[in-house]
Amino acid sequence: MALREYERDIRGCSRCSICKWVPFAQIKSVDCATVCPSISRYNFHSYSGGGRLILGLSLLEDRVELTEEVADIIYKCVMCGACEVSCKIYRDDIDVLRVIEELRFACVENGMMLPEHMMMVDAMKQEDNVFGEPKSARGDWAKDLGLKDINKEKADVLFHAGCRLSYDEGLRGVVRGAASILSDAGVDLGIAGADEACCGGRAFEVGYRGELEKYAEDFASRVKASGCSKLVTPCSDCYGAFKQLYPMVGKELGVEVLHVVEYVEMLMGQGRIRPTVKVPLKVTYHDPCHLGRRGEPYREWEGEDKLKRPSAFKMSGTRGVYDAPREILSRLPAVELVEMERIREYAWCCGAGGGVMEAYPEFNSWSANERVDEALATGAQAIVTACPWCERSFTDALEERDEDLEVLDLMELLARSLGSEPDA
Amino acid sequence: MLDDAVYREFEEVVGPDNISREPAILDGYTYQIVFNPTPSPWLNRPAAVALPCSTEEVQGIVKVCNRHHVRFKAHSTGWGVFNAPGYEDMIILDLRRMNRILQIDENNMFALVEPYITCNQLQAEAMKKGLNCHIIGAGPNTSVLASCTSVGGVGWTGISMGYNCRNVLGVEWVLPTGEVVRLGSPGSGDGWFSGDGPGPSLRGIMRGLFGAMGGLGVFTRVAVKLFNWPGPKRIDARGLMFDIKAEVPENIKLYILLFPDMQRFLDATYDLGDAEIGWIHSRNPAGMLFTFLFPGLMRETAGRPAMRSAMESIKHMVSFGIAASSPGELAYQEKVVREVIARNDGVLIDMGKLPQFESFMLFGLMRSTLSAFVFRAGGNFASSLVGEETTDSGAPQVDLGVRIKQEYIDKGALIDDMADTVWGSIYENNLFAHYESLMTFDSRDPRQQEWIKVDEEVVDELIDRKWGIGIGLSGAGTVVHKKFGPHMCNYDKWQRRIKKALDPEGLSDPIGYTEPGD
Amino acid sequence: MMIEELSGIVGADRVSKEKASLEAYASDNSFTEGCAPSAIVSPVNAEQVVEIINLAAREKAGLVPSSSAPPRFRGDTVPEREDSVVVDLTGMDRIIKINRRNKVALIEPGVTFGRLAREVAKEGLKVLMPLLPREGKSVVGSYLEREPILIPKYHWDVTDPLLCAEVIFGTGDMFRTGSAAGPGDLEDQWASERYQKNPMGPGQSDLIRVVQGARGTVGLVTWASVRLEPLPSASRTFIVAADSFGELLGLVYSMLRRKLGEEFLVLNGTDLAAIVGGDREEIEELKGRLPPWSLIYRVAGFKYFPSDRVSYQVNDIGDLAGAEGLEPCRSLAGVSEEDIGGVLDGTSGEPYWKFGYLGGFADIFLIATLEMVPSFLELMEEEAKKAEYPSGNIGMYVQPIQQGRSCHVEFTLYYDEGDEGERQKVRGLCDSAIRRLMDSGGFFSRPFGPWCELPFDRCPDTAMLLGKIGKMLDPDGILNPGKIPYRVV
Ligand SMILES: Cc1cc2nc3c(=O)[nH]c(=O)nc-3n(C[C@H](O)[C@H](O)[C@@H](O)COP(=O)(O)OP(=O)(O)OC[C@H]3O[C@@H](n4cnc5c(N)ncnc54)[C@H](O)[C@@H]3O)c2cc1C
Ligand code: SF4
Ligand code: SF4
């Protein structure tokens with residue numbers, strides 16, 4: 001699809017700015033009413049979802065050229081999808097996020113990529129990960145855990161760690177914890193180790209649709225070859241790519257895709273995971289975009305006029321994963337959940353997405369700090385999440401602040417409650 | 001184009017990050033489709049956009065404008081054609097960085113806000129103090145200040161919370177020539193509890209039935225009346241819209257009232273007004289709700305006689321709400337509304353018996369969240385007539401609006417909404433009523449570009465028949481004044497004079513107001 | 001000057017140069033100093049008013065509009081220029097229309113409260129009364145002065161109960177405000193069920209707001225529509241006594257918030273005594289008996305279930321009062337429900353009630369929020385002490401306005417009419433008190449008497465803007481010159 005294909009969507013924008021706000025019924029205070037990090041940080045209308053549509057029309061009609069300045073506007077967006085959720089409440093005929101994606105594809109097609117993104121994509125090309133770390137070290141995180149290597153033996157569940165959890169040493173405990181929890185629960189778990197590759201999602205988000213297609217193709221064949229019945233990942237970014245982006249580029253993995261929190265919740269329900277250790281902690285839960293609204297399964301609709309599109313095909317964010325993590329939290333003895341104001345479909349983004357972490361670290365940090373403030377306002381002792389990118393953003397943000405707020409992945413907290421806090 | 005040196009002067013006022021002349025940014029302030037009578041979404045592209053964060057910065061910009069004869073226009077949230085620059089070489093002041101609630105005075109029931117506080121934000125904070133604000137029908141995403149000072153003021157809760165023009169207390173105003181005036185008590189440093197005096201009230205210069213739409217300078221603060229809110233500090237809801245589940249407080253009741261004909265709707269409205277009960281009163285014909293809430297279904301069925309006759313028979317439909325402060329008051333108001341309905345042969349549906357729908361309607365009415373559904377059927381909407389006098393006087397205007405609209409529906413220029421989509425609401429326990437005939441269409445469809453003609457026809461006929469003040473045609477501006485002025489005591493002459501007195505150079509964008517003159 | 005021309009406009013018998021009549025305008029019951037007008041002209045219709053204004057503009061003569069019968073207060077009608085002509089509008093006294101369904105009356109400026117109340121009562125309606133206006137007080141005049149009405153819940157906006165008006169500006173232009181502007185004339189409007197009920201506009205300004213509060217300096221109103229409300233079918237009045245205003249504050253705020261009660265005002269013992277007492281002696285005696293402060297309110301029911309409405313309100317107010325340790329009573333210290341009813345519904349008997357106590361009085365009035373009132377009371381007492389004026393003689397009236405968002409605070413300093421020394425003392429006290437009240441946050445939104453410049457000194461920017469608007473509406477400065485200081489920019 002090209003931007004042109006979305007011209008009708010764009011021309012439908014009423015410039016109501018609803019996409020700047022938390023869905024109305026959920027606005028609870030003056031401070032936590034906004035939902036779009038980009039407009040909140042950069043203020044000119046073009047930085048909002050609706051503003052991006054208008055920018056698209058300007059480009060389509062050659063009112064403006066795709067210059068560096070324009071690319072800068074396009075890339076100063078975390079692609080969190082919150083605009084899409086708020087707009088879709090009212091509109092059937094506008095796919096804001098798809099237009100935002102198209103703008104990025106246009107940047108790549110026209111050579112208007114950002115250097116940081118080019119480096120990332122180059123790194124992916126060379127080492128199959130977004131950091132340019134040696135491919136050979138990808139499986140190191142699992143050392144001594146005794147997990148099956150699916151390249152060598154069959155396993156029922158393929159555990160995909162993702163780039164960040166594979167290489168971010170600071171988050172080792174998360175990935176080892178997640179894998180151990182599953183295997184301790186008797187799950188037949190395998191990993192691809194050094195052969196695991198990036199999902200490609202981050203390349204797609206910065207405009208390299210072709211890269212995603214390649215990775216998706218490759219990934220699909222590996223999954224098929226592995227013979228597993230389920231693909232489980234502790235990384236929400238990867239989860240979002242599998243659930244939303246792969247189907248969008250026409251790739252189905254053919255197996256059940258689960259985020260680890262979904263799987264753990266299921267296992268808890270079956271009594272296979274029983275947290276018993278009291279962890280007296282007041283926590284708040286941050287919904288990662290890519291597990292929530294951007295993890296909503298994509299369904300292609302073939303019709304012409306989106307005004308007639310049945311709601312099952314609308315990406316409204318409501319089919320993301322919101323309840324499973326909360327259900328897990330509710331089962332952890334002595335853990336108390338206090339919600340922030342912006343949660344679920346309308347959660348505020350940590351700021352890491354859309355290539356912002358790579359190209360605009362200051363914006364990433366600003367967004368993360370906004371969220372930290374919101375978390376602190378609940379009186380929580382810890383902010384719990386289920387995505388390593390969010391965790392990294394918050395941890396880094398807090399490093400520069402003198403606050404008593406722990407950042408935890410839900411699996412880390414669960415591990416504590418299982419009395420099996422793993423070594424990092 | 002702005003001269004570089006002038007641009008630099010603006011930059012000095014707000015800092016380089018808060019001003020732009022990047023065409024891509026400027027286009028964000030050029031595009032408007034709502035109430036835009038032209039086929040193109042693009043209006044004039046301004047020369048620059050600035051983001052002042054304080055009254056001083058607004059004043060600084062206006063002074064630079066005066067030094068260099070640059071036109072300017074303020075906007076708060078910037079929705080609708082009223083925000084479009086009237087000229088190309090001007091500067092837009094996007095006030096979104098002025099976004100504070102400066103005060104909520106619990107005892108004296110008012111709030112002091114900056115331009116970029118939306119109705120939704122104010123309501124959420126006011127409720128925490130047992131207060132509520134009138135939200136205009138446009139929706140909770142609009143600026144409180146804008147509807148108080150610069151635009152309209154009608155909404156669902158007018159029966160109990162009035163019309164926003166009349167809800168204004170003190171105002172801070174950067175005049176077109178750059179002086180800062182605080183109307184009323186704050187002008188003398190006495191707090192924000194009054195906007196009038198000493199002596200004559202300059203609120204009457206600031207705005208009338210409509211505001212000056214950016215044509216009389218920039219309003220930077222407004223004290224707005226708040227009203228009693230007997231409900232909880234916060235209504236927690238699950239869900240986003242249709243799926244909303246919320247516990248509707250016991251002292252809040254929502255009803256749908258249906259009347260067999262217009263006369264009985266009118267009689268009941270007068271009775272409810274005289275009885276001084278009600279928190280929400282809004283005429284929402286069934287066709288309108290169907291079109292907005294179930295556009296697909298409507299599209300499929302609108303042509304069917306059975307559907308049409310079903311809609312026709314329930315078109316005199318009113319959403320009515322009670323928010324009572326005590327069990328005694330609740331019982332009294334309920335008893336009255338039931339009696340009024342009985343005496344006027346109406347049907348009363350207690351939404352408490354339909355909890356899912358009740359939750360949805362609670363936010364819809366209380367927070368005006370239903371409004372943006374007008375875009376759902378076709379992507380755009382407009383509204384043609386505004387009868388703003390007695391409740392009775394609106395009735396023939398409703399028929400007129402519906403008849404003219406039907407002609408356009410018949411030729412495919414508007415979406416079929418069963419023809420009666422006349423939204424109406426009453427103000428101050430029925431001091432006056434507001435009706436507007438809504439129309440939905442798809443402005444992307446070349447056949448559906450004619451809403452303005454409906455507007456014009458309705459207005460012309462209203463004037464011919466001497467029936468009322470059909471302020472359609474986007475409400476204001478020179479075109480409208482030319483039409484209405486001669487029939488309404490040449491009020492436009494006074495506006496030109498006001499403009500001349502306040503803005504002799506015509507720098508504050510005159511397009512939505514008027515040029516200076518004699 | 002002008003006599004001939006004026007006679008040509010209204011007829012010789014409607015122009016007076018009679019010395020006593022002219023002298024009667026030279027001063028009023030305030031400290032305003034002025035002079036006698038050169039003539040009094042009594043037009044009978046708007047066309048004549050237009051001609052008078054045009055004439056005055058040509059002659060650069062002042063016009064002082066007057067709509068009420070004497071006695072006059074506050075200096076509004078005391079000419080400041082000797083060339084002034086008083087435009088006596090009392091003869092324009094038609095009640096043009098009363099409409100029950102829309103609860104509205106269209107009246108000329110000479111219509112008085114007493115008369116209008118009687119007429120509209122026949123339709124089951126009531127006029128929104130200020131506190132005991134004098135019998136000859138013009139309804140339109142009172143509303144144009146923003147004199148507060150007794151029922152705060154009907155005071156939605158400051159213009160209430162004034163709706164639309166026909167105004168002749170200082171330019172000689174005739175204008176109709178609000179929905180009365182058109183389309184169509186009054187007959188056309190009535191024919192399409194329009195009853196001049198929307199006070200806003202026309203268009204993007206609200207000139208009625210500028211006319212109101214202008215003390216006749218921008219335009220002369222030749223008719224106006226006024227908001228009426230239904231007469232109750234059942235009602236009860238109550239008094240809540242308190243030792244201090246502060247004790248009442250919580251109850252006052254909570255009742256106003258919930259729009260409980262109809263008429264609703266707070267008086268101190270002196271004012272209440274002056275109102276219900278007869279002569280000086282009786283008033284003195286009552287003052288001793290009455291509580292220092294009384295909240296007076298009425299609870300009412302209308303067409304539907306009137307007694308239910310009364311009883312839920314009585315119960316709710318009882319609960320609120322109980323929570324504040326207060327008790328609503330039907331009568332108090334010999335003041336009966338009937339006495340109170342008279343206060344709420346009536347006009348003042350003759351002489352005007354403020355004369356009854358000591359013969360003379362001076363008013364100080366301002367607006368403030370209710371919670372500011374206690375400090376103003378203290379301040380007044382201090383100033384009285386300094387001036388050696390007996391603070392027990394200060395009448396105090398607090399009238400919530402704008403549904404309780406602020407209040408009109410009125411101090412009445414009663415003094416012995418015959419004692420010039422006393423009068424000067426009171427004048428001095430007014431002067432020092434007004435200045436201190438202003439410094440303490442009291443907003444003198446309705447400038448009056450010799451102090452009418454002071455409020456504008458405090459808001460030079462507003463005064464500047466007002467100057468421009470004054471110039472626009474009365475370019476020759478002929479309308480009631482000097483009553484509002486339009487500062488030349
Ligand atoms: C879809 C839709 C529905 C509507 N429905 C209603 C309705 O039901 N009831 C109703 O009363 N109105 C309605 N309106 C009109 C409405 O009042 C304004 O459009 C509304 O949106 C005002 O809030 P805003 O924040 O969007 O103001 P903006 O769009 O920001 O401004 C509106 C106008 O006010 C001027 N303005 C804004 N802020 C300032 C300021 N600080 N100083 C000076 N001038 C300023 C702007 O120049 C512009 O002309 C509707 C408009 C739309 C687009
Ligand atoms: S994208 Fe949607 S929500 Fe945003 S301004 Fe446009 S129509 Fe409104
Ligand atoms: S995706 Fe997120 S950051 Fe980007 S415009 Fe939408 S809400 Fe804003």
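This is a predicted model: local features need pLDDT of at least 70, side-chain atom pairs count only at pLDDT 80 or more; totals for chains, interfaces and linings use all residues.
Show the residues around ligand 1 and you'll have 32 of them on screen, with Ala74(B), Ser76(B), Thr77(B), Asn83(B) and Gly153(B) coming nearest.

Next, color those neighbors by class. The shell around ligand 1 splits into 18 nonpolar residues, 13 polar ones and one charged residue.

Now zoom in on the backbone. Click on Gly153(B): one of its backbone N or O atoms sits 2.5 Å from an oxygen atom of ligand 1. Hop over to Val154(B), where a polar backbone atom is 2.9 Å from a ligand 1 oxygen. Then pick Ala138(B), which has a polar backbone atom 3.1 Å from an oxygen of ligand 1.

How much of ligand 1's accessible area does the protein cover? On its own, ligand 1 has 920 Å² of accessible area, and the protein covers 96% of that.

Switch to cartoon view and look at chain B. Strand 3 (72-75), helix 5 (144-149) and strand 10 (218-225) are the elements that each give two or more residues to the shell around ligand 1. Which of chain B's elements gives the most? That's strand 3, with three residues.

Time to move on: select ligand 2. Its surroundings are in chain A, and they include the run Cys13(A), Ser14(A), Arg15(A), Cys16(A), Ser17(A), Ile18(A) and Cys19(A). Also around ligand 2 are Gly50(A), Leu53(A), Cys87(A), Ile94(A) and Val96(A). Color this shell by class too, and you'll get eight nonpolar, three polar and one charged residues.

Terms used
Residues are numbered from 1 along each chain as its sequence is written. Chains are lettered from A and ligands numbered from 1 in the order in which they are written. Side-chain values use heavy atoms; hydrogens and water are left out. A residue is near a molecule or strand if one of its heavy atoms lies within 4 Å of it. Ala, Val, Leu, Ile, Met, Phe, Trp, Tyr, Cys and Pro count as nonpolar, Asp, Glu, Lys and Arg as charged, and the others, Gly among them, as polar. A polar contact is a pair of N or O atoms within 3.5 Å; within protein, one must be able to donate a hydrogen and the other to accept it, and residues adjacent in sequence count only if both atoms are side-chain atoms. Accessible areas come from the Shrake-Rupley method with a 1.4 Å probe; for residues, only the protein chains shown count as cover. Helices (H or I, at least four residues) and strands (E, at least two) are DSSP runs, numbered from the N terminus.
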